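Visitor: I'd like to learn how to read pockets and cores in a model. Could you walk me through it?

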Amino acid sequence: MYIMRELIEKISKCKDDVVFVGSLVGNTEDPSDIDIVITSTDGLETIGECKCHESKSVFAKGAKRCKIVGNDLIDIWLKDELPEYEIIDGIKYQTIEDQKKYYQDVLDSTDDNYIIEYIQQWQRK
């Protein structure tokens, strides 16, 4: 977790327009990976080279998917607007309420059992 925490802090300091989402919402102590929403890729060069592409994933609703080359721990979603967030220890995290709405939108748009089970597991937390 120490490495993840350092990476979260490094990402939050390199950009002002970054909100942590996904497994970090309501679970800042034991994330499985790092998911962020940004409105531009400016500043990410301090973490590494960022490459973006269109994605067919139901999780990419209205977003491009980006990655830091050589770093599979960070999933980046490039959107026009940031999700609703709260600041905890100086870091912006999507609100649980906003993530619930987002996940409901995803559930309403898919019949993929893996995605449905993933979201239902998160909802049970």
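Visitor: Which helices and strands each supply at least two residues of the lining of the largest pocket?
Guide: A pocket is an open set of points on a 1 Å grid over the protein atoms alone, where a 1.4 Å probe fits, with protein on both sides within 12 Å along at least five of seven lines; lining residues have an atom within 4 Å of a point. Here β2, β5, α2 (96-108) and α3 (113-124) each give at least two, and α2 brings the largest share, five residues. Elements are DSSP runs numbered from the N terminus: helices (H or I, at least four residues) and strands (E, at least two). The model is predicted, so local features need pLDDT of at least 70 and side-chain atom pairs 80 or more, while totals for chains, interfaces and linings use all residues. Residues are numbered from 1 along each chain as its sequence is written, and side-chain values use heavy atoms, leaving out hydrogens and water.

Visitor: Which residues lie nearest the centre of that pocket?
Guide: Asp35, Phe59, Trp77, Tyr102 and Tyr103, out of 25 lining residues.

Visitor: And what about cores?
Guide: Nonpolar side chains tend to be buried together in soluble globular proteins. A nonpolar core is a set of buried Ala, Val, Leu, Ile, Met, Phe, Trp, Tyr and Cys residues joined through side-chain atoms within 4.5 Å; buried means under 20% relative accessible area (1.4 Å probe, protein chains only). In this model the largest one has 19 residues, and Ile11, Phe20, Ile34, Ile36, Ile74 and Ile76 touch the most other members. Its largest share, five residues, comes from α1.

Notes. Buried means under 20% relative accessible area, exposed over 50%, partly exposed in between (1.4 Å probe, protein chains only).
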